[in-house]
Amino acid sequence: MKRTWRGSCHCGKARFEIDVDIDHVRVCNCSVCHMRAALIHRVPEDAVRLLTPLEDLTLYRWGSHTAEDYSCPDCGILPFRRPSYPTEEEMARGIAPFSGWAVNTRCLADFDAAGAPVRPIDRLDTPVEDVR
């Protein structure tokens with residue numbers, strides 16, 4: 001059932017709201033996601049309200065430079081990001097581009113991220129289905 005979730009970084013500077021049914025979380029094994037240990041849920045563009053202007057956050061790009069990771073400049077927590085654009089190899093495997101947001105469910109108030117079903121996302125070198 002769709003509901004409104006409120007989220008923020010640790011200090012509360014980076015705030016957002018989403019309107020979604022969270023039926024799973026995603027765990028990606030790429031190097032940055034592995035180190036970050038975020039539990040992600042993809043949210044369509046029109047279901048996200050950023051309450052903090054992006055220019056007030058720190059932007060980090062790596063790898064293909066198509067993903068945009070936004071973190072709080074004060075506490076360093078990453079509450080949301082724009083996912084990377086699939087490589088040609090990934091698109092050949094059937095992974096479609098996604099233009100929404102990837103939200104760190106650990107940043108959502110009252111959400112039990114540890115109790116949600118987990119979908120592994122393999123971004124290293126083996127095929128994986130698109131589990132948007």
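Tutor: Of the protein's 132 residues, 43% count as buried, where buried is under 20% relative accessible area, exposed is over 50% and partly exposed lies in between (1.4 Å probe, protein chains only). This is a predicted model, in which local features need pLDDT of at least 70 and side-chain atom pairs count only at pLDDT 80 or more, while totals for chains, interfaces and linings use all residues. Residues are numbered from 1 along each chain as its sequence is written, and side-chain values use heavy atoms, with hydrogens and water left out.

The protein has 2 helices and 10 strands; these are DSSP runs numbered from the N terminus, with at least four residues of H or I for a helix and at least two of E for a strand. Along the sequence they follow the pattern β-β-β-α-β-β-β-β-β-α-β-β. The radius of gyration is 14 Å, close to the 14 Å from the globule rule for 132 residues, so the protein is as compact as a globular protein of that length. That radius is taken over C-alpha atoms, and the rule is 2.2 Å times the number of residues to the power 0.38. Along the principal axes, the C-alpha atoms fill a box of roughly 40 × 30 × 25 Å. Among contacts with a separation of 6 or more, 58% are between residues 24 or more positions apart, a contact being heavy atoms within 4.5 Å.

The part to look at is strand 2, residues 15–20. An open sheet is formed by 3 strands in the order 1-2-5, with antiparallel pairing. Strand 1 (3–8) and strand 5 (48–50) are at the edges with a single partner strand each, so one side of each has no neighbour in the sheet. From one strand to the next the twist averages 15°, with axes fitted to C-alpha atoms and angles running from 0 to 180 degrees between N-to-C directions. Strands count as paired if DSSP finds at least two bridges between them. Strand 1 and strand 2 run antiparallel and are joined by 6 bridges. Within this pair, Trp5 stands opposite Ile18.

Ile18 also belongs to the largest nonpolar core, which has 23 residues; Ile18, Leu108 and Phe111 touch the most other members. Strand 2 and strand 9 (101–104) each supply at least two residues of this core, and strand 2 gives the most, with 3 residues. A nonpolar core here is a set of buried Ala, Val, Leu, Ile, Met, Phe, Trp, Tyr and Cys residues joined through side-chain atoms within 4.5 Å. In soluble globular proteins, nonpolar side chains tend to be buried together. Beyond its neighbours within four places in sequence, Ile18 is in contact with Arg3, Thr4, Trp5, Val43, Ala47, Val48, Val103 and Leu108. There is also a second, separate core of 5 residues, with Cys28, Cys30, Val32 and Ile121 among them.

Glu17 is in strand 2 as well. Glu17 is buried, at a relative accessible area of 14%. Its side chain makes a polar contact of 3.4 Å with that of Arg6. A polar contact is a pair of N or O atoms within 3.5 Å; within protein, one must be able to donate a hydrogen and the other to accept it, and residues adjacent in sequence count only if both atoms are side-chain atoms. Not counting residues up to four places away in sequence, Glu17 touches Thr4, Trp5, Arg6, Ala47, Val48, Arg49 and Leu51.

Val43, one of the contacts of Ile18, lies in strand 4 (residues 40–43), where His41 and Val43 point one way and Ile40 and Arg42 the other, all of them buried. Strand 4 pairs with strand 9 in the antiparallel sense over 4 bridges, and Arg42 stands opposite Ala102 in strand 9.

Two exposed residues lie elsewhere in the chain. Met35, in helix 1 (residues 31–36), is exposed at a relative accessible area of 73%. Asp74 sits in the loop between strand 7 and strand 8 (80–82) and is exposed at 57% relative accessibility. Leaving aside neighbours within four places in sequence, Asp74 is in contact with Cys11 and Lys13. Asp74 and Asp21 are 53 residues apart in sequence, and their C-alpha atoms are 30 Å apart.
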